[in-house]
Amino acid sequence: MKVLKLLIKKEIKIALRQRLIRIMAIIIILLLSTALWAGYITYKQQQENVRLAQEQRRSEWLHQIDKNPHTAAHYGTFVFKPKTLLSLFDFGLDTFTGTSKYLEAHYQHEFMFRPAQEYSSTIRFGQLSAALVFQLLIPLLIIFLSFNSFTSEKENGTLRLLMSQHVSYSTIATGKIMANLLILFSLLIPFFTLALIFSGSYANTDVIQNLSFRVLLLLALYVLYIIIFVTLSVWVSMLSKTSRNSLLVLLSVWVLFTVIVPKASTNIGTQTTPLPSLKAFRSAIADDIKNGLDGDLSAPERRKELEKTYLEKYKKDSLHQLPLNFLGISLQAGEDYAGKVYDYHWRKLEQTIEKQNSISSWASFISPYIAIRNLSMGLSSTDVNAYFHFHKHTETYRRNLVKKMNMDLAENSRNGEFFEYKADENLWKTITPFTYTTTSVKRVITYYFIEIIAIITWILLLLLAIYSYSKKIKPIYA
């Protein structure tokens with residue numbers, strides 16, 4: 001243990017003497033601080049914008065003029081996606097998925113106001129965020145910190161001297177790994193501490209569930225990610241004959257992990273399971289609503305069956321004799337069937353995206369960067385699953401709103417009446433304001449279980465590789 005402590009102290013002193021390491025550390029800390037501050041400002045601004053927009057749209061809905069309920073359903077309203085607190089750390093897909101959605105009868109509109117539309121093509125490389133610094137730049141710092149861990153000892157002849165003092169190869173490797181980890185954690189502990197304090201103070205005010213637990217999981221995962229790169233760098237240095245070769249291999253691995261594999265997995269996913277165009281998606285839905293899904297009746301046939309059902313139910317000969325407005329019933333039946341068709345096609349779309357993303361998930365065993373990127377977005381509720389979850393809630397809210405309007409028309413007017421019947425603010429108030437809460441941590445872990453296994457596998461394999469190689473090196477006796 002005493003030898004291990006001496007080795008750690010020695011490695012730390014050597015690292016601190018390197019000017020390049022000091023400069024890179026300062027740059028990364030500055031970038032991390034800038035990214036967090038910019039993310040916090042963006043979060044506060046968007047949070048305020050969403051609050052004001054929600055209040056305005058709510059007021060517009062409540063104070064609309066008296067009108068037919070179905071007309072009010074067409075008048076509709078807007079819902080806005082709240083920005084989660086952890087999105088200031090990891091922007092994820094928020095830039096691309098839009099911030100608001102218009103809800104009205106008969107139509108499922110796309111999300112609007114995607115921030116990426118305002119940016120140049122450089123947005124494809126990602127925005128500067130704290131997560132980006134952790135995922136891309138800190139591994140670079142680790143590489144420059146650790147690439148010559150063993151090669152410098154070989155080149156200077158000190159490795160043979162250490163081993164002649166009965167210091168095992170595995171002890172030397174352990175000392176170098178721990179020294180590098182201590183240096184990195186000393187730089188990042190202030191950030192970790194602030195993140196925990198900050199999440200604790202906001203734990204009960206954000207739309208995101210289990211905030212403090214999510215932060216702890218993120219910290220644990222990024223610690224494991226750092227351990228992977230430190231261990232990998234030390235292992236490559238063990239195998240390399242010169243520092244130059246070690247640095248070249250590690251930089252090539254960094255490019256492979258962060259550029260080549262992610263891009264290749266995305267391309268494979270889009271080519272093997274391509275998404276339909278928006279036009280084709282919309283056209284298929286419209287066609288199935290009109291002609292019916294496989295085995296279903298067409299729209300005119302469904303209406304005739306509905307008329308027959310209600311006439312038999314109330315034992316009447318014509319729609320005018322019904323004690324309700326059949327138009328409202330018909331409109332709601334059309335909404336219900338359109339919802340069925342939309343859910344069918346939307347699920348197919350989700351399954352296609354899930355297949356594409358599954359390729360990325362399995363690619364985590366080739367690139368730990370993909371694993372941490374997916375897990376980070378998932379825990380921050382800025383991933384594609386968070387988008388699907390929010391979309392589902394907005395669609396449920398839209399359907400409930402439209403159904404309440406249609407059923408009010410059916411129950412409080414008679415057949416043949418439309419513009420003659422008008423509802424007022426008392427009906428508008430029955431529509432509660434839209435609220436949203438993210439998925440649970442348990443669901444996130446279920447979505448990204450493969451990525452968690454990949455990270456654990458990476459650590460175990462690297463530690464096994466170092467241990468196995470160390471055992472092959474015979475001790476040197478003075």
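The structure holds 24 aromatic pairs, where rings of Phe, Tyr and Trp (its six-membered ring) pair if their centres lie within 6.5 Å. The model is predicted, so local features need pLDDT of at least 70 and side-chain atom pairs count only at pLDDT 80 or more, while totals for chains, interfaces and linings use all residues. Residues are numbered from 1 along each chain as its sequence is written, and side-chain values use heavy atoms, with hydrogens and water left out.

A pair of aromatic rings is described by the distance of the centres and the angle of the planes. Planes under 30 degrees apart count as stacked, over 60 as edge-to-face and the rest as tilted. Trp37 and Tyr40 make a tilted pair, with 6.2 Å from centre to centre and 35° between the planes. These two residues are three apart in helix α2 (residues 19-62), so about one helical turn separates them; helices here are DSSP runs (H or I, at least four residues), numbered from the N terminus. Trp37 is exposed at 57% relative accessible area, whereas Tyr40 is partly exposed at 23% (buried means under 20%, exposed over 50%, partly exposed in between, with a 1.4 Å probe and protein chains only). The pair of Phe78 and Phe80 is stacked, because the ring centres are 6.3 Å apart and the planes stand at 25°. Phe78 is partly exposed at 23%, and Phe80 is buried at 12%. Elsewhere, ring pairs join Phe281, Tyr342, Trp346, Tyr387 and Phe388 into a cluster.

Rings also meet charges. Lys67 lies over the face of Tyr75, 4.1 Å from the ring centre, and Arg302 lies over the face of Tyr337 at 3.7 Å. For this, NZ of Lys or CZ of Arg must be within 6 Å of the ring centre and within 35 degrees of the ring normal.

Two residues other than glycine have a positive phi. For Asn210, phi is near 55°; this residue is found in the loop between α8 (169-201) and α9 (211-239) and is partly exposed, with a relative accessible area of 40%. For Ser381, phi is about 60°. Ser381 lies in the loop between α14 (368-380) and α15 (384-412), and is buried at 5% relative accessibility.
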